[in-house]
Amino acid sequence: MRDATPRWSRSTLLFLSRQSWLKDQATRVRSLRRLSRRFVAGETLEEALAAVKRLNARGLWASFDHLNETVRDAEETREEVQEYLRLLARIDEAGLQANVSLKLTQCGLLMDRALALENAREVVAEATARGSFVRVDMEHGAVTQATLDLVRKLHAEYGESHVGAVLQSSLRRTEADARALCAERVRIRLCKGAYLERPDIAFPDKRDVDASFVRCMRVLLDSGVYHGIATHDERMLEATLEHAARRGLGREAFELQMLLGIREDLQRRLVQRGYRVRVYVPYGRHWYAYLMRRMAERPANLAFVLRHLTRGRAWEA
């Protein structure tokens, strides 16, 4: 059975997520800004900290992500590093149950790999000093290998307790990557992936992405390394919990991860059952691309997004 989701809708939203001419305009659309608050904790660090305090109060853990996929120069990468250093300090000071997620493009990966490594190393060193953890996010397929190369360098320096990676089951290479990284004891967040990729590097059908997710999940749970299984799909979730039960894994052996604003009912039920659930909490002014990817997961929202991007009366003065 092929994926029934209108692929053109998802492709359109992912295409829109990459259009730089829309990014600045979209942040001035009142309706889109309101919609973004479902999936984004706010535009400031203080708003994000308040959101995580509320999550912690409900028994949920968190991973902060400062949104900015459009760094333009080395100076701006330094601003991102400083934001993460402030964030790690505030997490520590407030005693929050939280870590951070970092995109290497924020660190300058598309400009200079050495610069990206230097910047990421500073963030991971600070996390290590504070007994915390940095999850290096995975981005589009063009930087998959470069991202994993840098994760391996950081992992060799700081170890599994302080730095980990993300793998996307939509990519054809991911099962092999999962096996290799598990052999090196790299902690992984497994998700399906939210980027529009070429069919030669990614599975075009949802059923194949799901099958890949289950295969990779089993590799992770069988590895003896602490991983995060990130899904809102109850079929994938049940497959995960059933495999963990067959392997005799305790609930402390892995964690489940979800996105802010999605399936809060499911998050609550899992916490009540004794599982650790970590919520991915993005924040920042540059929320446009992230919002478009979330909308791509719900293509029925395409008409809403297009209508409010083009309707003049939606713009703020």
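Where is the place of Asp 222? Asp 222 sits in the loop between H9 and strand E6 (227-230), in a model that is predicted rather than experimental. Helices here are DSSP runs of H or I with at least four residues, strands are E runs of at least two, and both are numbered from the N terminus. With a relative accessible area of 38%, Asp 222 comes out as partly exposed; the cut-offs are under 20% for buried and over 50% for exposed, with partly exposed in between (1.4 Å probe, protein chains only). Setting aside neighbours within four places in sequence, Asp 222 is in contact with His 243 and Arg 247, where contact means heavy atoms within 4.5 Å. Asp 222 and Arg 247 are 25 residues apart along the chain, yet their C-alpha atoms are 7.6 Å apart in space.

A few words on bookkeeping. Numbering runs from 1 along each chain as its sequence is written, and side-chain values use heavy atoms, with hydrogens and water left out. As this is a predicted model, local features need pLDDT of at least 70 and side-chain atom pairs count only at pLDDT 80 or more, while totals for chains, interfaces and linings use all residues.

Zooming out, the protein chain holds 13 helices and eight strands. Of its 317 residues, 54% are buried. Among contacts with a separation of 6 or more, 74% link residues 24 or more positions apart. The accessible surface (Shrake-Rupley, 1.4 Å probe; for residues, only the protein chains shown count as cover) comes to about 14,100 Å², with 50% of that belonging to carbon and sulfur atoms.

Back to the helices. The axes of H9 (residues 206-221) and H10 (residues 234-246) come within 10 Å and cross at roughly 25 degrees; axes are lines fitted to C-alpha atoms, for helices over the stretch in contact, with angles from 0 to 180 degrees between N-to-C directions. H9 and H10 therefore count as roughly parallel, on a scale where under 35 degrees is roughly parallel, over 145 roughly antiparallel, 65 to 115 roughly perpendicular and the rest oblique. The crossing of H9 past H10 is right-handed, that is, the near helix is turned clockwise from the far one by less than a right angle, anticlockwise being left-handed. On the H9 side the contact includes Phe 213, Val 214 and Met 217, and the H10 residues they face include Met 236, Ala 239 and His 243. By class, this contact of H9 with H10 has seven nonpolar, two polar and five charged residues; Ala, Val, Leu, Ile, Met, Phe, Trp, Tyr, Cys and Pro count as nonpolar, Asp, Glu, Lys and Arg as charged, and the others, Gly among them, as polar.

H6 (residues 113-129) and H7 make another packed pair, at about 40 degrees with axes 10 Å apart, so H6 and H7 are oblique to each other. H6 also passes H7 in a right-handed crossing. Here the tally is nine nonpolar, one polar and five charged residues. One of the H7 residues in this contact is Lys 153, which is partly exposed at 45% relative accessibility. Lys 153 and Leu 117 are 36 residues apart in sequence and 8.4 Å apart C-alpha to C-alpha.

Arg 185, between helix H8 (174-183) and strand E5 (187-191), has a positive phi of about 60 degrees despite not being a glycine. Arg 263, between strand E7 (254-259) and helix H11 (264-272), likewise has a positive phi, about 50 degrees. Both are partly exposed, Arg 185 at 36% relative accessibility and Arg 263 at 25%.
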